[in-house]
Amino acid sequence: MRYFKGHGTGNDFVILPDPDGVLALTPSLVAALCDRRFGIGADGVLRVVRSAKHADAADMAGDAEWFMDYWNADGSIAEMCGNGVRVYARFLAAQGYAPDPTFPIATRSGVVQASVTPDAVSVTLPAPVVGGGSTATLGGLTFTGTSVDVGNPHLVCALPSGLSLGDLDLTTSPTYDAAAFPTGVNVEFVVPGASEAATFGHIAVDRRPGPDRGHIAVDAPPADRREQGHIAVDAPPADRRDQGHIAVDAPPADVREQGHIAVDAPPADRREQGHIAVDSPPPAQPDRGHIAVDRRGGEFGHIAVDKRPTPVGVDAHVAMRVFERGSGETLSCGSGAIAVAAVALKETGRPTGVVAVDLPGGRLTITLDAHSTTLTGPAVLIATGETLNS
C-alpha cells in the first residue's frame, strides 16, 4: 500500500492515495498505521478519494472533486481537521490533482476552499459558532471553558493566573461533561501569547536562585516557580574558578550570559568563547532559548530552538496546548486554533479580526470575518513509501 507522510506545524498525518475508493480502510488498519512504535506513526490518516466515489461525499461531487476522508489515530472518524485539510491540499497540489492554486475540498463538515503557495497553505471554512460555558478537569483542577463549533466540537479553557502551559500533564485525557459533548470534544488550554513567547521546546539551563547551579531544566515555568526535572551537574563554591568542568552561570552576576557550559573559565574581564549559552540575550530580544556558539562582539552563529517573535498586525496573540479526541495531545490543531481565536476575539469585544496562535509545533494565523474563517500556516510533505496492507 502506497503512502505519503506530511505535517502542518507538527500535526502529522499518513496520506493514502485512493482516488477510486477501492481501499478497504478499517479502524484497526488506521490505528495500526498511526501507531508510533509498530506503525508509521501519525495523529491521523487522510484518505485521498474522489467525492463521487465515497458515500459520505457523493452529494458534494458537483462542488468539489476531492473528498478528505479523515480518521483519528484511534481509528475513529472526525468531521473536520484544520491542519489535516491543509496538508491534504498540499498533497493534491504537489501530485497534480489540483492544477490551480485555489480549489475546493469536500469534508464531512462541508466544502472548504484551499489556497496553496510555496510557503503556506490557507483554507477558508465557515465561521465558528461560539457557544455556552462548560468545564474540563485535568490533574485534579477544574477549568472553566467556552464551547465552540468549528465543524467539530471544542472546549476552550483559559488557564488561571500563576499556571503555565508547561504545568499541564496531557498524557491523560481531560474529563468533561459528556451530556454537553456526546461525541467527545477537543480541549484547548490557553494563555496570553506574550506570557509564554518562546517557551515551547527550549532548554532553560539556569533560571532559579540557589546554590545548585549547573542543572538542565526540562521545562521552564514562570520565574517565581521552581523548575522540576533538572539535572544538577556541578555546584562549585562561589569563590573558586573551576576549569574543565561543566559550569552553569559561571560569569559574574552582573553579566547577562547565564546558563552556559564553560570548558574553561577565563578571567572575569574576558568573554567566554565557544560556550553554549541558553537564554543569553537581553530580555528585550525575543530569541530566547538559543545555543550561542560564540558571543564575541554579539550573538552570532547561534541556533534558535524557538524563535517566534511577537507578531505584528494582529488583534490578539495567544498560546495553547490541545488534547484532541481520538488522538491525544498533538503539537498542533488547526480547528482548535480557530476555536481559540474565536474566543480570544470575543473577549476583546471584536466580532472579527486576526489572531496569532502559538502551538508547540509552530504558529498559525487565523482571520475571522462575519461569514468565514481563514486558517494559514506551513504544510509540508516529508516522506513517501510502501507498507504492507495486512
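Author: Happy to! Keep in mind that this is a predicted model.

Reader: Let's start with strand S2, then. Which residue of S3 is the bridge partner of Ile15?

Author: That's Leu46. Strands S2 and S3, the latter covering residues 44-50, run parallel and are joined over 5 bridges.

Reader: How many residues sit between S1 and S2 in the hairpin?

Author: There are 2, and Thr9 in that turn has a positive phi of about 45°.

Reader: Thanks! What handedness does the β-α-β unit of S2, H1 and S3 have?

Author: Right-handed, with helix H1 spanning residues 27-34.

Reader: Is S2 enclosed or open, and why?

Author: Largely enclosed by the rest of the structure, because 6 of its 7 residues are buried.

Reader: Switching topic: is His154 buried or exposed?

Author: Buried: its relative accessibility is 0%, and the cut-off for buried is under 20%. His154 belongs to strand S10, residues 153-158.

Reader: Which side chain does the His154 side chain make a polar contact with?

Author: The side chain of Asn152, at 2.8 Å. Beyond four places in sequence, His154 also has contacts that include Phe181, Glu188 and Cys333.

Reader: And how far is its C-alpha from that of Arg325?

Author: 9.6 Å, although His154 and Arg325 are 171 residues apart along the chain.

Notes
Residues are numbered from 1 along each chain as its sequence is written. This is a predicted model: local features need pLDDT of at least 70, side-chain atom pairs count only at pLDDT 80 or more; totals for chains, interfaces and linings use all residues. Side-chain values use heavy atoms; hydrogens and water are left out. Buried means under 20% relative accessible area, exposed over 50%, partly exposed in between (1.4 Å probe, protein chains only). Helices (H or I, at least four residues) and strands (E, at least two) are DSSP runs, numbered from the N terminus. Two strands pair if DSSP finds at least two bridges between them. A crossover is right-handed if, with the strands pointing away from the viewer, the path from the first strand over the helix to the second runs clockwise. Contact means heavy atoms within 4.5 Å. A polar contact is a pair of N or O atoms within 3.5 Å; within protein, one must be able to donate a hydrogen and the other to accept it, and residues adjacent in sequence count only if both atoms are side-chain atoms.
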